[in-house]
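These are my notebook entries on one protein model. I looked up one thing at a time and wrote down what I found.

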Amino acid sequence: MNKQSVETEFAPKAIGPYSQAILSNGMIFVSGQIPIDPNTGDFSDDNITANTKQSLENIKAILEKVGYTMSDVVKTTVYLKDMEDFAAMNEMYAKYFAAPFPARAAFQVAKLPKDAKIEIEAIAVK
């Protein structure tokens with residue numbers, strides 16, 4: 001199996017013993033991205049719309065590092081601190097994908113790293 005770590009300064013550094021993404025056999029597995037602005041190291045804002053945008057921008061930057069785009073994404077998982085944020089998240093999320101949309105699961109979770117409101121992970125294929 002071919003396995004390569006993907007790292008870019010245009011997304012936040014991993015906050016634990018994991019890679020921003022792993023590229024393997026034409027698939028890229030992007031680790032969950034919380035809405036940290038890579039320029040400041042802090043959350044981009046306090047609202048779910050801005051948080052969703054930043055998490056997706058982080059994914060986009062990681063994908064672009066190895067020549068992938070958001071249109072290559074086939075599956076995402078969205079973790080929300082509060083399912084009441086689902087509609088606002090969905091509205092911003094829809095701006096990053098076109099039909100056929102990636103498969104997706106969305107869950108409310110008890111707690112996310114750094115007490116984030118959202119975390120999104122993605123799998124892309126070329």
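Predicted model: local features only at pLDDT ≥ 70, side-chain atom pairs only at ≥ 80, totals over all residues.

Is Asn25 buried or exposed? I found that Asn25 is exposed, because its relative accessible area is 56%.

Residues are numbered from 1 along each chain as its sequence is written, and side-chain values use heavy atoms, with hydrogens and water left out.

I placed Asn25 in the loop between β2 and β3. Helices (H or I, at least four residues) and strands (E, at least two) are DSSP runs, numbered from the N terminus. Phi of Asn25 is near 50°, which is a positive value in a residue other than glycine. Lys114, in the loop between β5 and β6, also has a positive phi, near 55°. In the loop between α2 and β5 I looked up Pro100. The peptide bond from Ala99 to Pro100 is cis, with omega near 0°.

**Entry: helix α2**

Which residues of α2 are buried? In this helix, residues 86–93, they are Met89, Met92 and Tyr93. They lie on the same side of α2, because they cover an arc of only 100° around the axis. The arc is that of the directions from the helix axis to the C-beta atoms. The buried residues of α2 pack against α1 (48–65), β4 (73–80), β5 (103–108) and β6 (118–125).

**Entry: aromatic pairs**

How many aromatic pairs does the structure hold? I found 2. The pair of Tyr79 and Phe107 is stacked, because the ring centres are 6.2 Å apart and the planes are at 20°. Tyr79 lies in strand β4 and Phe107 in strand β5, so this pair ties together parts that are 28 residues apart in sequence. Tyr79 counts as partly exposed, at 21% relative accessibility. Phe107 is partly exposed too, with a relative accessible area of 41%. Tyr93 and Phe97 form a tilted aromatic pair, 4.7 Å centre to centre with 40° between the planes. Both Tyr93 and Phe97 are buried. The rule is that rings of Phe, Tyr and Trp (its six-membered ring) pair if their centres lie within 6.5 Å; planes under 30 degrees apart count as stacked, over 60 as edge-to-face and the rest as tilted.

**Entry: charges over rings**

The charged end of Arg104 sits over the ring of Tyr93, 4.5 Å from the ring centre. For Lys126, the charged end sits over the ring of Tyr68, at 5.3 Å from the centre. This description applies if NZ of Lys or CZ of Arg is within 6 Å of the ring centre and within 35 degrees of the ring normal.

**Entry: Thr76**

Where is Thr76 found? I found Thr76 in strand β4. Thr76 counts as buried, because its relative accessibility is 1%. The side chains of Thr76 and Tyr93 are joined by a polar contact of 2.7 Å. A polar contact is a pair of N or O atoms within 3.5 Å; within protein, one must be able to donate a hydrogen and the other to accept it, and residues adjacent in sequence count only if both atoms are side-chain atoms. Leaving out residues up to four places away in sequence, Thr76 touches several residues, among them Tyr93, Phe97 and Arg104. Contact means heavy atoms within 4.5 Å.

**Entry: Asp82**

Asp82 is in the loop between β4 and α2. Its relative accessible area is 34%, so Asp82 is partly exposed. A polar atom of the side chain of Asp82 lies 2.9 Å from the backbone nitrogen of Glu84. The C-alpha atoms of Asp82 and Val109 are separated by 7.5 Å, although these residues are 27 residues apart along the chain.

Notes: Buried < 20%, exposed > 50% of the residue type's maximum accessible area, 1.4 Å probe, protein only.
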